[in-house]
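Welcome to this short briefing.

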Amino acid sequence: MTPPEAPEDGTATEGNAPPAVSVCVTGLKHRSDFLRAAKARRQGTKGMMVQGRKRAPGEADGIRVGFTCSKKVGNAVARNRAKRRMREVARLVLPDAGRDGWDYVLIGRAEATAARPFDKLQDDLRFALSKIHEAT
RNA sequence: GCGGAAGGCUGGAUGGCCGCGGCGUGUUGUGCCCAGAAUACCAAGGGUACCGCUUUGGGGACAUUUUCCUUUUGGAAAAUACCCUGUCGCGGCCUGGCGUGUAUUCCGGGGAAAACACGCCGAGGAAAGUCCGGACUCCCUGAAGCAACGGUGCCGGGUAACACCCGGGCGGGGCAACCCGACGGAAAGCGCCACAGAAAACAAACCGCCCCGGCGUGCCGGGGUCAGGGUGAAACGGUGGGGUAAGAGCCCACCGCGCGACUGGCAACAGGAGCGGCACGGCAAGCCCCACCGGGAGCAAUGCCAAAUAGGACCCCCGCGCGGGCUGGUCCCUUCGGGGAUACCGCCGCUAGGCCUGCUUCAGCCGAGAGGGGUCGGGUCGGCAGCUAGAGGGGCCGGGGCAACCCGGUCUUGAGAGGAAUGGUCAUCCAUCGGCCUUCGGGCCGGGGACAGAAUCCGGCUUACAGGCCUUCCGCGCAU
RNA sequence: GCGGGUAUGGUGAAAAGGUAUCACGCGAGCUUCCCAAGCUUAAGUUACGGGUUCGAUUCCCGUUACCCGCU
């Protein structure tokens with residue numbers, strides 16, 4: 001679902017400082033990946049739930065990220081909207097704050113993910129990532 | 001103007017920044033493919049002419065050194081080196097595997113994915129529910145019929161088909177415009193109709209009413225009767241008159257009901273001379289009968305390519321159990337005729353034993369595996385196809401038809417993802433809601449954008465939906 | 001996506017077209033000095049909305065929620 005986001009080097013995002021090493025952010029595709037991430041550490045915020053897992057070496061390269069919404073979030077339109085907002089947040093935040101060799105899963109929340117102001121949503125992800133990373 | 005009925009359209013707009021999916025073109029051009037060249041490599045096993053190293057036996061001649069005897073020649077012993085001839089092993093080498101082989105590099109050609117650039121396209125009227133009907137694919141099947149099961153159910157037409165649509169009929173609702181209807185058959189058969197009521201389906205009679213008989217004179221028995229009573233969703237048709245012991249379609253009139261010649265209509269159905277003399281309650285969204293339709297499963301169908309690991313079949317190499325033999329090889333003995341051995345090599349042959357179920361018999365299978373190499377087929381992850389041009393949609397024109405719809409012409413349009421694109425964010429405008437101010441022109445602030453997201457495709461149905469716009473019609477009020 | 005099923009007191013289950021039943025639980029009361037046990041009693045939109053029928057938990061249609069299978 002998440003096509004390889006454009007390598008954040010140069011052209012895009014002039015506001016954000018491009019990371020020194022351009023790490024490829026790809027999508028999580030398999031259910032087993034999601035389940036493994038769910039067993040690792042997690043951090044909830046107002047806007048979303050974030051799960052993170054440091055992969056075993058040799059499993060895959062780069063940062064991988066997946067998005068999920070349960071039926072609690074609403075009908076298909078509401079779920080897709082929540083996922084799109086989280087995808088956009090991840091596109092802006094992860095190349096900066098994410099770490100190479102990790103899997104992340106972002107889980108949408110009813111009401112909050114769709115209604116929360118966009119900058120707050122970005123802050124939520126940054127906060128959650130820092131909490132997950134510092135726990136190591 | 002108010003209230004209503006029917007049909008249709010629409011489903012926020014513009015811009016900035018950042019981004020997504022598909023297709024096409026171009027650039028880069030690696031993985032990969034094709035053709036060629038060069039170099040290197042390929043296990044176990046087998047062979048051993050030759051070469052190198054090494055273990056060890058026999059022989060040889062001379063040389064050197066040391067020791068001893070003699071001390072002139074010389075002799076003896078030991079060591080070293082050399083030569084010849086065997087021998088244990090290792091390596092080289094040959095063979096084997098070995099081929100359309102593998103790997104690397106280079107030259108030429110083709111060229112995914114990816115990146116970049118440019119261009120084009122990118123959700124709906126319901127994309128939804130998955131309720132019908134099809135297309136398409138696979139499975140079953142010789143064909144047809146019957147049965148079973150499921151569905152449809154007024155008639156005619158439309159359609160690829162339908163439970164859909166159109167027109168008509170009948171019934172019901174509304175003053176009307178209009179709307180609604182699973183609307184075949186209950187004299188083919190079975191079943192059910194609680195409670196109440198005398199009685200619930202075809203015959204019967206509780207209270208009554210009337211007549212006769214009896215006596216104990218207000219009760220009993222027999223007969224007639226269904227007008228009255230009450231029950232219920234439903235009760236031997238209703239009203240009036242005649243009639244009678246009391247009554248009753250018993251008779252008459254009108255209404256209702258049934259049958260119905262004939263007439264109209266393709267038909268549903270309508271009208272209806274005449275006849276009957278009241279019989280035939282309801283339920284088929286109970287079983288059923290009649291007519292018609294239907295094989296099953298579904299794109300997660302299906303087809304193709306195809307890692308790692310495990311397992312299967314076959315081939316080659318190697319190896320293993322038993323027995324015997326051979327003009328073989330090797331070793332031993334030999335009176336040189338031959339005889340014996342055979343762990344090992346080559347060739348030939350075979351079963352002991354095990355498995356199933358408690359026993360027997362028969363049959364079958366395994367039986368020689370623990371290795372190395374190769375081929376083939378199945379097949380998972382994964383990938384590709386199916387996958388979007390079709391009973392297509394839309395506009396305009398012409399023709400047929402009351403209409404649904406059909407025929408012809410012309411122009412235009414065309415999402416194809418796969419943890420799943422079609423967006424995120426900001427600003428302005430637009431529609432709208434609330435509050436405040438108002439000089440009633442408006443202004444300010446705040447909220448806020450219906451239902452809802454393609455997943456193989458198409459025709460319907462059903463359900464959800466903020467608002468806005470258009471057309472036609474009906475009723476009432478007012479004015480003319 | 002495609003296909004199938006279920007819904008009845010708080011929970012788990014029954015019910016043939018005719019008064020919604022059983023067990024456990026919960027509330028109240030009686031009994032007891034108190035508790036337990038026992039006895040009495042209350043609580044239901046039969047998921048929702050229509051239809052057929054005199055009458056629907058049951059039959060038919062639609063809606064909602066939940067569950068299951070196919071990869």
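A crossing of two helices counts as right-handed if the near helix is turned clockwise from the far one by less than a right angle, and as left-handed if the turn is anticlockwise. With that in hand, the crossing of helix 2 and helix 4 in this predicted model is right-handed. The notes below begin with that helix pair, then turn to one of its residues and to the sheet.

**The helix pair**

- Two packed helices are described by the angle between their axes and the distance between the axes.
- For helix 2 (residues 76-97) and helix 4 (residues 118-134), the axes come within 9 Å and cross at roughly 50 degrees.
- Angles from 65 to 115 degrees count as roughly perpendicular and those under 35 as roughly parallel, so helix 2 and helix 4 are oblique to each other.
- On the helix 2 side, the contact is made by Arg85, Val89, Ala90, Leu92, Val93 and Ala97.
- Helix 4 contributes Leu121, Gln122, Leu125, Arg126 and Leu129 to this contact.

**A look at Gln122**

- Gln122 sits in helix 4 and touches Val89, Leu92 and Val93, leaving aside residues up to four places away in sequence.
- Arg85 is 37 residues away from Gln122 along the chain, and 9.9 Å separates their C-alpha atoms.

- Five strands form an open sheet in the order 1-4-5-3-2, with mixed pairing.
- Strand 1 and strand 2 (41-44) are the edge strands, each pairing on one side only.
- From one strand to the next, the twist averages 25 degrees.
- Helix 4 lies across strand 2 and strand 3 (48-54), and runs at about 35 degrees to strand 3.

**Strand 4 and its partners**

- Five of the six residues of strand 4 (residues 63-68) are buried, so this strand is mostly covered.
- Strand 1 (residues 25-27) runs parallel to strand 4 and is joined to it by three bridges, with Arg64 as the bridge partner of Thr26.
- Strand 5 (residues 102-108) also pairs with strand 4 in the parallel sense, here over five bridges, and Gly66 stands opposite Val105 of strand 5.

How values were computed:
Residues are numbered from 1 along each chain as its sequence is written. Chains are lettered from A and ligands numbered from 1 in the order in which they are written. This is a predicted model: local features need pLDDT of at least 70, side-chain atom pairs count only at pLDDT 80 or more; totals for chains, interfaces and linings use all residues. Helices (H or I, at least four residues) and strands (E, at least two) are DSSP runs, numbered from the N terminus. Two residues are in contact if their C-beta atoms, placed from the backbone, lie within 7 Å. A residue is buried if 20 or more other C-beta atoms lie within 10 Å of its own, exposed if 12 or fewer, and partly exposed in between; C-beta atoms are placed from the backbone. Two strands pair if DSSP finds at least two bridges between them. A crossover is right-handed if, with the strands pointing away from the viewer, the path from the first strand over the helix to the second runs clockwise. Axes are lines fitted to C-alpha atoms, for helices over the stretch in contact, and angles run from 0 to 180 degrees between N-to-C directions. Angles under 35 degrees count as roughly parallel, over 145 as roughly antiparallel, 65 to 115 as roughly perpendicular and the rest as oblique.
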